[in-house]
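Biologist: I have a model open on my screen and would like to learn how to read its features. Could you walk me through a few of them?

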Amino acid sequence: VQFSMWNKNEIAVPRGDDPRIICFNWINCNSGGAIDDDGVSDMHTVVIPIAGPYLLSLGCQLMGHSGGIQLKRNKREKLMDGGRSDIVDLNEDDVLEVYAEGGTKFKEVNLMGCLLRPRVFITPGTTI
């Protein structure tokens with residue numbers, strides 16, 4: 001499973017607002033079906049299809065010195081801040097979303113993930 005998506009637009013979240021979910025408008029890689037891409041709508045969630053450790057990377061170009069972006073699992077648990085990469089153990093059907101804090105101005109936000117090793121062995125030549 002591999003996924004990669006980004007939004008190259010400049011985005012600003014007004015100071016004092018609640019955190020907002022960031023929408024992505026470009027899918028670079030969606031091997032394994034983690035992103036529900038209809039080819040028309042902006043995407044804002046990644047649903048993990050296979051449990052196991054994933055290499056995740058969240059990047060962006062912050063403009064200014066306030067605010068930030070975060071990757072959250074199931075709308076609650078903060079996994080990482082922007083500009084970081086990490087190996088995270090994810091469960092099947094976990095939902096990943098990127099949030100921007102109030103007062104943040106940024107561009108070129110991207111999220112990438114790659115399954116390193118499935119928790120359950122998959123026999124070669126079969127499908128899930």
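Biologist: Let me start with the surface. Which residues form a nonpolar patch there?

Modeller: Keep in mind that this is a predicted model. To belong to a patch, a residue needs over 30% relative accessible area. Here the nonpolar surface patch is formed by Leu55, Ile87 and Leu116, and together they have about 260 Å² of accessible area.

Biologist: What is the bridge partner of Leu55 in β10?

Modeller: That is Cys114. In total, eight bridges pair β5 with β10 (residues 105–115), in the antiparallel sense.

Biologist: And how many bridges join β5 to β8?

Modeller: Seven, and these two strands also run antiparallel. For an example, look at Leu58, which stands opposite Arg84 in β8. As a general idea for reading such strands, side chains alternate between the two faces of the sheet when the strand is regular.

Biologist: In what order do the strands of this open sheet lie?

Modeller: The order is β3-β1-β10-β5-β8, five strands with antiparallel pairing. At the edges are β3 (26–31) and β8, each of which pairs on one side only. On average, neighbouring strands in this sheet are turned by 15° against each other, with direction ignored.

Biologist: Let me turn to the backbone. What should I look for in phi values?

Modeller: Most residues other than glycine have a negative phi. In this model, Asn74 is not a glycine, yet its phi is positive, at about 55°. Asp93 also has a positive phi, near 70°, and is a residue other than glycine.

Biologist: Where are Asn74 and Asp93 found?

Modeller: Asn74 sits in the loop between β6 (69–73) and β7 (77–81). Asp93 is in the loop that lies between β8 (84–90) and β9 (95–100).

Biologist: Why does Asn74 count as partly exposed, and why does Asp93 count as exposed?

Modeller: Asn74 counts as partly exposed because its relative accessibility is 24%. For Asp93 the value is 52%, so this residue counts as exposed.

Biologist: Can you give me a case to set beside those? Is Met80 buried or exposed?

Modeller: Met80 counts as buried, because its relative accessibility is 5%. Met80 is found in strand β7. Sequence separation is another thing you can follow here: Met80 and Cys29 are 51 residues apart along the chain, and their C-alpha atoms are separated by 21 Å.

Biologist: Now the whole chain. How many helices and strands does the protein chain have?

Modeller: Zero helices and 10 strands. Read from the N terminus, the elements run β-β-β-β-β-β-β-β-β-β. The radius of gyration is 15 Å, close to the 14 Å from the globule rule for 128 residues, so the chain is as compact as a globular protein of that length.

Biologist: What box do the C-alpha atoms fill, and what share of the residues is buried?

Modeller: Along the principal axes, the box is roughly 50 × 30 × 20 Å. Buried residues account for 36% of the 128 residues in the protein chain.

Note on methods. Residues are numbered from 1 along each chain as its sequence is written. This is a predicted model: local features need pLDDT of at least 70, side-chain atom pairs count only at pLDDT 80 or more; totals for chains, interfaces and linings use all residues. Side-chain values use heavy atoms; hydrogens and water are left out. Patches are made of residues with over 30% relative accessible area and no salt bridge: like charges are joined within 9 Å, nonpolar side chains (Val, Leu, Ile, Met, Phe, Trp, Tyr) within 5 Å. Accessible areas come from the Shrake-Rupley method with a 1.4 Å probe; for residues, only the protein chains shown count as cover. A salt bridge is a side-chain nitrogen of Lys or Arg within 4 Å of a carboxyl oxygen of Asp or Glu. Helices (H or I, at least four residues) and strands (E, at least two) are DSSP runs, numbered from the N terminus. Buried means under 20% relative accessible area, exposed over 50%, partly exposed in between (1.4 Å probe, protein chains only). Two strands pair if DSSP finds at least two bridges between them. Axes are lines fitted to C-alpha atoms, for helices over the stretch in contact, and angles run from 0 to 180 degrees between N-to-C directions. The radius of gyration is taken over C-alpha atoms; the globule rule is 2.2 Å times the number of residues to the power 0.38.
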